[in-house]
Amino acid sequence: MNGEPAKSFQDLIVWQKAHQFVLSIYRYSATFPKTEMYGLTLQLRRASVSVPANIAEGFKKRGNADKCRFMNIAQSSLEECRYYLILSKDLGYGDASPIMAQVEEVSKLLEAYYRSILTPGS
């Protein structure tokens, strides 16, 4: 971006990282047992998609309070994913640690983006 304002949500690093997170979730959950198709697999995928979707939706909101609300929803969905990843690991569905690292990264970026919306020009 070179210091220029983002022209679309796709320019946002936080959205790019959140999108990569979703792709990782889809690959990871593809290995879950078929009995989880309408359970944990569906819940985890829906929650993960909610993260970049809310970043995208919030990007075009005009008021800062509205923008922040969508970033907060994205953060909440990310925390929901964190729990599902803990559960999937405890159920023996695979090692979620690489994806947990993505959760941490996206969480930090979301927090920074949220703060930048609250204090424009910083």
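Biologist: What span does helix H3 reach from its first C-alpha to its last?

Modeller: This is a predicted model, and in it helix H3 covers residues 64–90, which is 27 residues. At 1.5 Å a residue the expected span is 39 Å, and the helix comes close to that, reaching 39 Å.

Biologist: Which residue with a positive phi follows H3?

Modeller: After H3 the chain comes to a residue whose phi is near 80°. That residue is Gly 92.

Biologist: How are H2 and H3 oriented to each other, roughly parallel or roughly antiparallel?

Modeller: Helix H2, residues 40–59, has an axis that comes within 8 Å of the axis of H3, and the two cross at roughly 160°. The crossing is left-handed, and the residues of the contact divide into 15 nonpolar, seven polar and three charged. Since angles over 145 degrees count as roughly antiparallel, H2 and H3 are therefore roughly antiparallel.

Biologist: How is H1 oriented to H3, roughly parallel or roughly antiparallel?

Modeller: The axes of H1 and H3 come within 13 Å and cross at roughly 25°. Because angles under 35 degrees count as roughly parallel, this crossing makes H1, relative to H3, roughly parallel.

Biologist: Which residues of H1 meet H3?

Modeller: The crossing of H1 and H3 is left-handed. On the H3 side the residues are Leu 78, Cys 81, Leu 85, Ser 88 and Lys 89, and their partners in H1 are Phe 21, Ile 25 and Tyr 28.

Biologist: By class, how many nonpolar residues has the contact of H1 with H3?

Modeller: Sorted by class, this contact of H1 with H3 includes one polar and one charged residue. The nonpolar residues number six.

Biologist: How is H1 oriented to H4, roughly parallel or roughly antiparallel?

Modeller: Helix H1, residues 13–29, and helix H4, residues 97–118, have axes that come within 9 Å and cross at roughly 155°. Because that angle is over 145 degrees, H1 is, relative to H4, roughly antiparallel.

Biologist: How many nonpolar residues are in the contact of H1 with H4?

Modeller: The crossing of H1 and H4 is left-handed. H1 brings residues including Phe 21, Ile 25 and Tyr 28, while H4 brings residues including Val 106, Leu 109 and Tyr 113. Three residues of the contact are polar and two are charged, and the nonpolar ones number twelve.

Biologist: In which helix is confidence highest?

Modeller: The chain averages a pLDDT of 94, with 95% of the residues scoring at least 70. Confidence is lowest in H4, at a mean of 96, whereas the highest, at 98, belongs to H1.

Definitions and conventions: Residues are numbered from 1 along each chain as its sequence is written. This is a predicted model: local features need pLDDT of at least 70, side-chain atom pairs count only at pLDDT 80 or more; totals for chains, interfaces and linings use all residues. Side-chain values use heavy atoms; hydrogens and water are left out. Axes are lines fitted to C-alpha atoms, for helices over the stretch in contact, and angles run from 0 to 180 degrees between N-to-C directions. Helices (H or I, at least four residues) and strands (E, at least two) are DSSP runs, numbered from the N terminus. Angles under 35 degrees count as roughly parallel, over 145 as roughly antiparallel, 65 to 115 as roughly perpendicular and the rest as oblique. A crossing is left-handed if the near helix is turned anticlockwise from the far one by less than a right angle, and right-handed if clockwise. Contact means heavy atoms within 4.5 Å. Ala, Val, Leu, Ile, Met, Phe, Trp, Tyr, Cys and Pro count as nonpolar, Asp, Glu, Lys and Arg as charged, and the others, Gly among them, as polar. pLDDT is the predictor's confidence in each residue, from 0 to 100. The expected span of a helix is 1.5 Å times one less than its number of residues.
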